[in-house]
Amino acid sequence: VMHELPPPLRDFLLRTSILDAFNANLAGAVVNITDAAGVLADIERRQLFLVSLDDDAEWYRYHHLFGECLRKDLEQTYPNELEQLHLRAAEWLAGARRLSDAVRHAMEAKAPERALALVENGAVELVYQGDYLTLTALLKRLPEQRWRQSVKLELAYMWALAYGGVRIETEEMLADLV
């Protein structure tokens, strides 16, 4: 299937395969093109294993087997681009307030400092929303010795622990801060 496609379309498929779910804007940001919507329409017209995730056909994913093959081909074809593709995805997702996905892509890009900054920027909002599970899950993805150096993240983590009923660890952390 891939060998019969025009090279720009093949490259689009390969480069967007890093995404679990995407819309035209995210795909365009990752691949660095302006007409991603047109490319997605072409992919749909060609019936290239594109699965719509909503009624408006705004969000998509590739069929899981096709996506897996694409990711393997991407690693062989453009191994030096993987980190940049993931960073572009992380930045777009952060701008769209999809923090968990943004952090995952930053970590895939081997950019733990960027992932840390993303969590730091979103931690207070997660606390305000009461989304302590997401906050603690994100912190577990990051190097603990590094996020423990951030007062903002330490306090956010303590809020998450306190509301989660983990009193002893919260008290120990407060004692360490004093």
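This is a predicted model: local features need pLDDT of at least 70, side-chain atom pairs count only at pLDDT 80 or more; totals for chains, interfaces and linings use all residues.
**Entry 1: ring pairs.** I began with a search of the whole structure, and it turned up 6 aromatic pairs. I looked up the pair of tryptophan 59 and tryptophan 92 next. Their ring centres are 6.4 Å apart and the planes meet at 65°, so I noted the pair as edge-to-face, since the angle is over 60 degrees.

**Entry 2: where these two sit.** Which parts does this pair tie together? I found tryptophan 59 in the loop between strand 1 (50-52) and strand 2 (60-62), and tryptophan 92 in helix 5 (residues 82-95), so the pair ties together parts that are 33 residues apart in sequence. Then I checked accessibility. Tryptophan 59 is buried, with a relative accessible area of 17%, because the cut-off for buried is under 20%. Tryptophan 92, at 23%, is partly exposed.

**Entry 3: tyrosine 62 and phenylalanine 66.** I looked at this aromatic pair too, and it is edge-to-face, with 5.9 Å from centre to centre and 80° between the planes. Are the two residues buried or exposed? Both tyrosine 62 and phenylalanine 66 came out buried.

**Entry 4: charges over rings.** Back at tryptophan 59, I found arginine 98 lying over the face of the ring, 4.5 Å from the ring centre. I also looked up arginine 15, whose charged end sits over the ring of tyrosine 78 at 4.1 Å from the centre.

How values were computed: Residues are numbered from 1 along each chain as its sequence is written. Side-chain values use heavy atoms; hydrogens and water are left out. Rings of Phe, Tyr and Trp (its six-membered ring) pair if their centres lie within 6.5 Å; planes under 30 degrees apart count as stacked, over 60 as edge-to-face and the rest as tilted. Helices (H or I, at least four residues) and strands (E, at least two) are DSSP runs, numbered from the N terminus. Buried means under 20% relative accessible area, exposed over 50%, partly exposed in between (1.4 Å probe, protein chains only). A charge sits over a ring if NZ of Lys or CZ of Arg is within 6 Å of the ring centre and within 35 degrees of the ring normal.
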